[in-house]
Amino acid sequence: MDTDTAIHAESLFIGGEWVPPSSSARIDVRSASTEQVIGSVPEAQEADVDAAVTAARRAFADPDGWSQWEPSRRADALDRLADELEARGDEIATIVSAQNGMPISIALQLEAGFPVAVVRYYAALARTATFEESHPHLIGGTTTVRREPIGVVGAIAPWNFPQTLAAFKHAPALAAGCTIVIKPSPETVLDSIPFVEAVMAAGIPAGVINIVPGGREIGAYLVSHPGVDKVAFTGSTAAGRSIAETCGRLLRPVTLELGGKSAAIVLDDADLDLSKIGEDLFGATFLNNGQTCFLGTRVLAPRSRYDEVVGVFEAFANSLSVGDALDPATQIGPMASERQRDRVEGYIAKGSGDGARLVAGGGRPADLDRGWFVQPTVFADVDNNQAIAQEEIFGPVLSVIPYGDEAEAVRIANDTDFGLGGTVWTSDEERGYGVAKQIRTGTIGINRYMVDPGSPFGGVKDSGIGRELGPDALRNFQSVKSIYR
């Protein structure tokens with residue numbers, strides 16, 4: 001994408017149609033690889049959010065509408081949406097890649113393919129899940145327990161995986177019978193256009209899905225809106241705390257998927273042959289230019305093999321192809337914004353200043369004179385108390401931390417405010433499982449890390465509240481009612 005193929009939308013998708021915005025304010029989107037403006041959309045204002053929430057409420061309250069449909073009928077609509085998204089997969093992947101710098105090879109898998117899998121999963125679950133069941137009342141009679149849609153959902157999706165993380169919210173919400181207002185990040189709003197086209201082509205009823213592009217202020221307004229019954233958010237821990245405070249005051253249910261600083265624990269028996277593990281190692285440590293919340297950016301290495309592990313990661317980082325996100329050969333693209341590049345470079349400077357040893361990267365690629373690029377970077381001799389080991393950088397920066405025995409590895413892995421992801425690398429899967437069980441985290445992989453649509457995803461501690469994906473996520477969008485007979 002370039003200035004000749006720029007996408008400019010003039011309307012907002014509210015109530016099942018494109019409608020004029022309430023103001024002339026606009027969001028300009030720049031390519032992370034070229035820094036050129038590649039599109040723009042209207043910037044939603046409070047009046048637009050009001051209209052979107054009203055449309056969602058109207059659709060939810062319709063006595064013959066979405067919330068009252070049989071689950072199988074909603075499932076059919078979700079399957080149609082999955083088909084329409086799949087048909088637009090290449091277009092969606094290209095737009096996402098151009099916006100946030102995600103390598104196109106990754107975008108085709110995770111922004112084109114994964115949302116389709118998530119929507120189809122919840123379509124299937126809607127057909128098989130129990131929405132009502134009865135059991136004997138302990139003091140006579142029976143109790144019927146109904147799981148009813150919770151209502152209007154306010155969903156806020158981030159810029160790093162805009163379509164996938166939006167699907168984590170709209171797919172289970174729609175399967176449950178809810179209606180939704182989605183606020184995409186201003187860095188990634190153009191991919192909403194083919195998404196809306198898919199929604200319309202799938203015949204999703206008017207008002208069931210509404211889109212309000214905007215920044216933090218509009219997100220905060222949506223979270224606190226009196227017409228919203230449930231909030232689902234993915235983003236930074238700082239923003240999550242603010243949202244939690246608002247929802248706590250309003251007694252409003254909220255799901256928060258926040259930051260991470262996960263450990264990749266290399267056990268002393270690990271096979272570190274990159275020809276065998278390179279692809280899985282990449283997915284667990286450098287995926288999406290390091291702009292992925294669950295990555296194992298703290299590499300814990302046994303002292304008995306410490307120099308070897310450092311050498312492997314040094315060679316690995318130096319082998320990765322850095323370039324334009326739309327080049328199929330690119331493995332590491334640019335940061336999503338100039339501000340994000342500045343943040344990452346600040347942490348690199350901090351790491352060097354705190355005494356960590358830079359062994360790979362650390363700067364900008366010499367052959368790229370535009371775009372927000374940072375070289376894949378590896379620090380050795382890192383203390384787990386240093387900032388680069390404790391704070392989420394959200395870029396292609398790894399810290400290799402030494403440990404003595406397995407117990408110390410577990411202690412270091414758990415010595416963090418976060419608890420979202422992690423991996424254990426070993427030749428003995430049962431041993432790896434034993435270590436994985438000791439890590440205080442919401443998810444962890446053995447010799448790879450791969451999110452599963454059918455399994456709960458989320459974190460503990462500062463990494464969030466609640467779970468997305470799997471049957472647990474469907475329950476997040478349901479209200480439980482007991483009827484005593």
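Trainee: Is Glu 257 buried or exposed here?
Mentor: Glu 257 is buried, because its relative accessibility is 1% and the cut-off for buried is under 20%. Keep in mind that this is a predicted model.

Trainee: Which strand does Glu 257 lie in?
Mentor: Glu 257 is part of strand E12, residues 254–257.

Trainee: And what does UniProt say about Glu 257?
Mentor: The UniProt entry, which is unreviewed, annotates Glu 257 as "active site".

Trainee: Which residues does Glu 257 touch, not counting those up to four places away in sequence?
Mentor: Its contacts are Leu 165, Phe 233, Thr 234, Gly 235, Cys 293, Leu 420, Phe 457, Ser 463 and Glu 468.

Trainee: Thanks! Switching to helices, at what angle do H2 and H5 pack?
Mentor: Helix H2 (residues 71–87) and helix H5 (residues 162–176) pack at about 155°, and their axes are 9 Å apart. So H2 is roughly antiparallel to H5. Their crossing is right-handed.

Trainee: Which residues of H2 and H5 meet?
Mentor: From H2, Arg 74, Leu 78 and Leu 81 meet His 170, Ala 171, Leu 174, Ala 175 and Ala 176 of H5. By class, that contact has six nonpolar residues, one polar and one charged.

Trainee: What does Asn 288 touch, leaving out residues up to four places away in sequence?
Mentor: Asn 288 touches Met 102, Pro 103, Asn 160 and Phe 161.

Conventions. Residues are numbered from 1 along each chain as its sequence is written. This is a predicted model: local features need pLDDT of at least 70, side-chain atom pairs count only at pLDDT 80 or more; totals for chains, interfaces and linings use all residues. Side-chain values use heavy atoms; hydrogens and water are left out. Axes are lines fitted to C-alpha atoms, for helices over the stretch in contact, and angles run from 0 to 180 degrees between N-to-C directions. Helices (H or I, at least four residues) and strands (E, at least two) are DSSP runs, numbered from the N terminus. Angles under 35 degrees count as roughly parallel, over 145 as roughly antiparallel, 65 to 115 as roughly perpendicular and the rest as oblique. A crossing is left-handed if the near helix is turned anticlockwise from the far one by less than a right angle, and right-handed if clockwise. Contact means heavy atoms within 4.5 Å. Ala, Val, Leu, Ile, Met, Phe, Trp, Tyr, Cys and Pro count as nonpolar, Asp, Glu, Lys and Arg as charged, and the others, Gly among them, as polar. UniProt positions are given in the numbering used here, feature names are shortened, and annotations may be inferred rather than shown by experiment. Buried means under 20% relative accessible area, exposed over 50%, partly exposed in between (1.4 Å probe, protein chains only).
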